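Welcome, and thanks for opening the viewer. Please keep the structure on screen as we go from stop to stop, selecting a few things at each one.

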Amino acid sequence: MHRFDILPIEKFLTGTVSSIKRPREIAHFSYDEDHQFLLDESSLRYYYTPPTGANLSAGFDTFRKFDDSQDEHLVSLLATIMDLEQRTGKRCSVDLVTWRGMMTKIMSSPYEKFNGFTMNATLFQGTIFIEEDYTAKVAERRQQNRQQQRGPSQDMMSYWGYKFETLSLIPKTWDDTTRDYIEGREQEIVSNYAQYCSVVQTGIGSNTMILGGEVDAVWDQKPDDPEQPINWVELKTSQEIQSDHDSLKFERKLCKFWIQSFLLGVPKIIVGFRSRDGILQRVEELHTQRIPGEVKRKGTASWDGNVCINFSSSFLDFLKDTITSEGVWKIRRPERMPIIEVFKEANSGTGDILTTEFMEWRKQL
Ligand code: A3P
Ligand code: MG
Ligand code: MG
């Protein structure tokens with residue numbers, strides 16, 4: 001058993017800040033309305049200001065909710081990387097490949113006091129591949145459902161997020177013909193089957209990585225020049241801030257918003273503030289890059305972006321020093337404990353982390 005201590009977080013505050021690379025999109029894929037995987041950008045959506053005053057609960061009974069009871073492992077991400085390698089003839093050699101969500105969990109650990117996580121990892125051709133441990137995730141979800149509080153159900157609150165997306169997105173860039181679509185957005189059936197996922201190459205400290213994650217929308221359009229940054233937009237809903245307590249709660253949420261967007265290079269976050277019962281009251285545009293500085297200036301000391309960056313950099317160094325042989329490894333943060341444990345679970349194989357297609361392809365590349 002190898003162990004990485006999260007505390008004291010001051011150790012991640014001193015010295016120079018680890019260097020970070022600007023994430024660059026190297027590939028992308030879509031899930032269509034049937035959640036079928038497509039190597040294209042058909043599910044890309046565009047942002048258009050949503051109507052304030054809208055009731056986010058409307059249409060809850062017709063929600064097309066994707067059944068995510070299947071473990072998707074890294075299947076789509078690996079297929080996209082394989083396609084890229086087949087087109088370029090070059091291997092993507094990085095230290096780490098995973099979903100953005102896994103990196104978000106790692107990077108936010110210094111400020112997460114309650115929730116734990118479990119991930120599976122394997123070393124293949126010098127790269128560590130990490131997936132979510134699906135069994136642990138299901139157990140965690142069950143636990144969360146038991147903690148049901150008063151007020152709207154978890155399912156309803158989750159619906160509000162998707163409804164807000166539907167109200168804020170259009171399927172193509174704005175022109176005269178989109179007017180009908182914009183007016184029809186409130187009647188649109190809400191569905192979370194379709195997704196556009198960006199696959200980026202990025203780096204934290206001396207660690208290079210490929211991350212895949214969903215992006216909600218683009219502000220204007222994707223630039224033709226692949227070197228240019230993309231004006232991605234992340235959509236979030238949050239309860240209207242009415243007290244100092246609400247304000248502190250929102251500030252803590254901003255840590256997760258920032259990390260999630262930072263990792264894929266999403267420059268703008270649109271927050272839809274809603275009433276307690278789900279009426280959209282206003283939208284606010286946040287600039288991802290400015291969030292840590294703004295939080296720092298408030299003086300509440302709730303979180304520090306540099307700690308998250310330095311923590312991730314040290315943790316990934318530790319991971320590279322630890323996962324040095326083949327087999328299946330676990331990366332686990334126990335609930336309420338300031339440690340991350342790494343241990344080997346199987347001495348050989350790659351579990352279900354890698355697909356046969358991917359391994360076969362790589363062996364002949
Ligand atoms: P909000 O973020 O506005 O709450 P994302 O913000 O990552 O694009 O996710 C879109 C929406 O999916 C969220 O909107 C929320 O409604 C829902 N969602 C995301 N993660 C969830 C989770 N773990 N449980 C329930 N709903 C979730
Ligand atoms: Mg999303
Ligand atoms: Mg979102």
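**Stop 1: the bridge between two ions**

Start by selecting Asp 216, which bridges the magnesium ion (ligand 2) and the magnesium ion (ligand 3). These two ions lie 3.5 Å apart. Donors here are N, O and S atoms within 2.8 Å of the metal (3.2 Å for Na, K and Ca), and water is not among the atoms, so sites may look incomplete.

Before moving on, a word on what you are viewing: this is a predicted model, in which local features need pLDDT of at least 70 and side-chain atom pairs count only at pLDDT 80 or more, while totals for chains, interfaces and linings use all residues. Residues are numbered from 1 along each chain as its sequence is written, chains are lettered from A and ligands numbered from 1 in the order in which they are written, and side-chain values use heavy atoms, with hydrogens and water left out.

**Stop 2: ligand 2**

Now select the magnesium ion (ligand 2). Which residues are its protein donors? They are Glu 214 (OE) and Asp 216 (OD), at 2.2 to 2.6 Å from the ion.

Are these residues buried or exposed, where buried means under 20% relative accessible area, exposed over 50%, and partly exposed in between (1.4 Å probe, protein chains only)? Glu 214 counts as partly exposed because its relative accessibility is 25%. Asp 216, at 7% relative accessibility, counts as buried.

**Stop 3: ligand 3**

Move to the magnesium ion (ligand 3), and show Asp 216 (OD), Glu 234 (OE) and Leu 235 (O), which coordinate it at 2.1 to 2.2 Å. Along the sequence, these donor residues follow the spacing D-x17-E-L. Asp 216 sits in the loop between β10 (207-214) and β11 (217-218), and Leu 235 in strand β12 (residues 232-239), so the pair ties together parts that are 19 residues apart in sequence. Helices (H or I, at least four residues) and strands (E, at least two) are DSSP runs, numbered from the N terminus. Both Asp 216 and Leu 235 are buried.

**Stop 4: backbone details in loops**

Here is some background for the next selections. Most residues other than glycine have a negative phi, and most peptide bonds are trans.

Select Leu 7 and Pro 8: the peptide bond from Leu 7 to Pro 8 is cis, with omega near -5 degrees. Pro 8 belongs to the loop between β1 (2-5) and β2 (24-31).

Next, pick Gln 125, in the loop between β6 (117-124) and β7 (127-132). Its phi is positive, near 50 degrees, in a residue other than glycine. With a relative accessible area of 32%, Gln 125 is partly exposed.

Then find Arg 336, in the loop between β15 (328-333) and β16 (339-346). Arg 336 is not a glycine, yet has a positive phi of about 60 degrees. Its relative accessible area is 57%, so Arg 336 is exposed.

**Stop 5: the whole chain**

Finally, zoom out and colour by secondary structure. How many helices and strands does the protein chain have? There are nine helices and 16 strands. The radius of gyration, taken over C-alpha atoms, is compared with a globule rule of 2.2 Å times the number of residues to the power 0.38. The chain's value is 21 Å, close to the 21 Å that the rule gives for 365 residues, so the chain is as compact as a globular protein of that length. Buried residues make up 49% of the 365 residues.
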